[in-house]
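Here's a quick tour for anyone meeting this structure for the first time. Have a look at the picture, then read on.

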2 protein chains.
Amino acid sequence: MAGGIIYGGPLSERKKRILRSIIDAHIAMGEPIGSKYLVTSAEIPFSSATIRNEMAELEEMGYLEQPHTSAGRVPTQLGYRFYVDSLMESYKLTAAEIVALNNMLKSKIGELDSIIQNASKLVANLTNYTSVAIKAREKETVRSFSYMILDEHNFLMVMKTSGDKVKTKQVHADILLDENNVSRLISLLNAYCVNVTPDDITYSTIVKMESAMGGAARLVNPAIKAFYDAVATASDSNVRFEGVNKLLEYPEFSNVEQLKRVFSMLENKDDFLDILSRSERDKVNVFIGDGENNFATNSAFIFRPLTVDGKVIGAIGVFGPSRMDYSKVISTVEYLTQKITGIIEGRALPEPEEE
Amino acid sequence: MAGGIIYGGPLSERKKRILRSIIDAHIAMGEPIGSKYLVTSAEIPFSSATIRNEMAELEEMGYLEQPHTSAGRVPTQLGYRFYVDSLMESYKLTAAEIVALNNMLKSKIGELDSIIQNASKLVANLTNYTSVAIKAREKETVRSFSYMILDEHNFLMVMKTSGDKVKTKQVHADILLDENNVSRLISLLNAYCVNVTPDDITYSTIVKMESAMGGAARLVNPAIKAFYDAVATASDSNVRFEGVNKLLEYPEFSNVEQLKRVFSMLENKDDFLDILSRSERDKVNVFIGDGENNFATNSAFIFRPLTVDGKVIGAIGVFGPSRMDYSKVISTVEYLTQKITGIIEGRALPEPEEE
DNA sequence: GTTAGCACTTAGACCTTTTGAGTGCTAAAA
DNA sequence: TTTTAGCACTCAAAAGGTCTAAGTGCTAAC
């Protein structure tokens, strides 16, 4: 190898093979990998001495590191990144896994929310890592209001949102309702509260509306509240974890200090929303270690955004140690999000035989 | 003391005082408490020897135990139970805490769900334990169906439920909608799907409805699906935790084995629903240790059900080590659930000055 | 370019010793 | 009869020391 060794530079085929074997073995066993192991178990056809030389160079190039002098090598972030980007053999989902995924999706033809959440549970079980379900914040406003009178004290407020959904809220009034006063109220809402965020509603707006309502002024407050609720709820985001206890299975998280760091991170759900907002859509994203994110070292976050009509509405992913079974996780997440997107867009579920 | 010592029997005033001091101290420090400590810090006006004698008797009676011969004493479940039931001085919420609670409740005049969840967050912060928010399963059926046509391909299905709520679902159809076919569909729903759980809908029902709809048979399926979603969602229950990382602060959970047990328990949300269903309503319930529940030893669960119209709709509580600041937790949970029940029932929020 | 061999390093396992907190018991004091 | 001082005893946890095994880097031979 002429010339100096470049940090992160190109690798010979042999180096690639050794690096890949080290990472595979480390992912499987969780311990530093030594040269001897590679000769006997990974069947690299060179002596341990040769491998040691290669490993020393891989270390100098930044792909490996040693926890201490007399230990084997462990992959660095750079090592994992390389592995993910180029070395990994794409894991083929087993028939059993595909069936499990399809069954889940079929049985739970329900709300988007519960689909995502069930998918998340399944991912946790299939991969044995903590899974993450994210429902993204949607900034919605109301395009138009209409109504339906339920009885003399209740009417239904129907709001078409900017996202072309329909939200409804039941409004209770302590005065008698009739077509007359409710329709007046609704046209006021259509005048003042269309394409407007809840923060834009000022007290003076409310006063104006109340004076316009005359004797039925008491209807304004509950109506505004219903409007507020509908829009505020929509703009609520949501990050949920499943299988948090699986983290404890991995030795890298088995001391309390590490755990504290990890848990306070998981608690900080905004960080996950942040990462989602900075991610690439329509592909599986992989965050590793702490150079790339403000995550705890030794950990990685793999997820794929869910998009509908070009808008990111959420994500499903996996959180775990950076020595993670990347190919399995990536293919599971990929498969599932594809299917979910299909369901959301109204396509029928394909039979499990496919693939 | 004439006669033999009775297990769990009555206690002299001095024993009570000593027991209480031991538990107070143990709650504060998390370590076994020795006789010397009680003399110097808890200001028990007897010598350490006397206290040792009393402690030996309290141990024999089942209120205390020793982790090992040369250690201090630790309360047993029986000890904690006694403490909770009779010794504890009711903790007075500080003004700051009351203000925080009230502000939270005021700012978030929204969905019940989000109220409970925010309350839960607050409880976790105020008490420094993991908080638990439970939304109970509601078994609901639909009392009557009505509709509102949105455009030529969408209508709104409005369902009055057995719980006197109104649920709505937007239904999309690929055939043209008009007053005629939608109203026919709705009257079929009123004939076949009233007071019925989703499981009662059989395939033959669907076939019957489809043949009755004639040319518009394709409307039946999306309508049934909407009905199913609405009722299934309502019957979904929900257990959420906040501040799980706080558990790590307590030494009793600081070894990985203990943590595994605790986390797999938290994962098992049905257990919490179970406990809720077996709890006493309208008061704060305290589960301690493992004699009383299938909880991990060293842990306790304190919660209060939320009831509306005599039905339990959820609960707010705290999960933590059995050495828990019972009085603080109990008064926080009590206060908050009272207020939330008030809000749900439509009462106005009282001013923070009260109390 | 590859490999065998060897000196060197070091975390972790294992053992022993020391320390100190806390007890139970006995005999004296109140 | 109740309380207390004093003392011998116990035991977990900390501290220290030794040993082992895994794994390395380097040199010299192939």
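Let's start with where the two chains meet. Between them, chain B and chain A bury about 3,000 Å², and 54% of that is on carbon and sulfur atoms. Keep in mind that this is a predicted model.

In terms of residues, 36 from chain B are in contact with 35 from chain A. The count of salt bridges between chain B and chain A is one: B:Glu249 pairs with A:Lys260, and their closest N and O atoms are 4.0 Å apart. Five residue pairs are in polar contact across this interface, with both residues at pLDDT 80 or more.

Which elements of chain B give two or more residues to the side that touches chain A? They are strands 4, 5, 6 and 7, along with helices 9 and 10. Helix 10 of chain B gives the most, with six residues.

Here's how that side of chain B splits by class:

| Class | Residues on the side of chain B that touches chain A |
|---|---|
| Nonpolar | 12 residues |
| Polar | 10 residues |

Now for a helix pair inside chain B. Helix 1 (residues 13-29) packs against helix 3 (residues 48-60) at an angle of about 85°, and their axes are 10 Å apart. That angle makes helix 1 of chain B roughly perpendicular to helix 3 of chain B. On the helix 1 side, the residues in the contact include B:Ile18, B:Leu19 and B:Ile22, while helix 3 brings in B:Ile51, B:Met55 and B:Leu58, among others. By class, the residues of this contact are six nonpolar, one polar and four charged.

Methods
Residues are numbered from 1 along each chain as its sequence is written. Chains are lettered from A and ligands numbered from 1 in the order in which they are written. This is a predicted model: local features need pLDDT of at least 70, side-chain atom pairs count only at pLDDT 80 or more; totals for chains, interfaces and linings use all residues. Side-chain values use heavy atoms; hydrogens and water are left out. Contact means heavy atoms within 4.5 Å. Buried area is the accessible area (1.4 Å probe) that two parts lose on being put together, summed over both. A salt bridge is a side-chain nitrogen of Lys or Arg within 4 Å of a carboxyl oxygen of Asp or Glu. A polar contact is a pair of N or O atoms within 3.5 Å; within protein, one must be able to donate a hydrogen and the other to accept it, and residues adjacent in sequence count only if both atoms are side-chain atoms. Helices (H or I, at least four residues) and strands (E, at least two) are DSSP runs, numbered from the N terminus. Ala, Val, Leu, Ile, Met, Phe, Trp, Tyr, Cys and Pro count as nonpolar, Asp, Glu, Lys and Arg as charged, and the others, Gly among them, as polar. Axes are lines fitted to C-alpha atoms, for helices over the stretch in contact, and angles run from 0 to 180 degrees between N-to-C directions. Angles under 35 degrees count as roughly parallel, over 145 as roughly antiparallel, 65 to 115 as roughly perpendicular and the rest as oblique.
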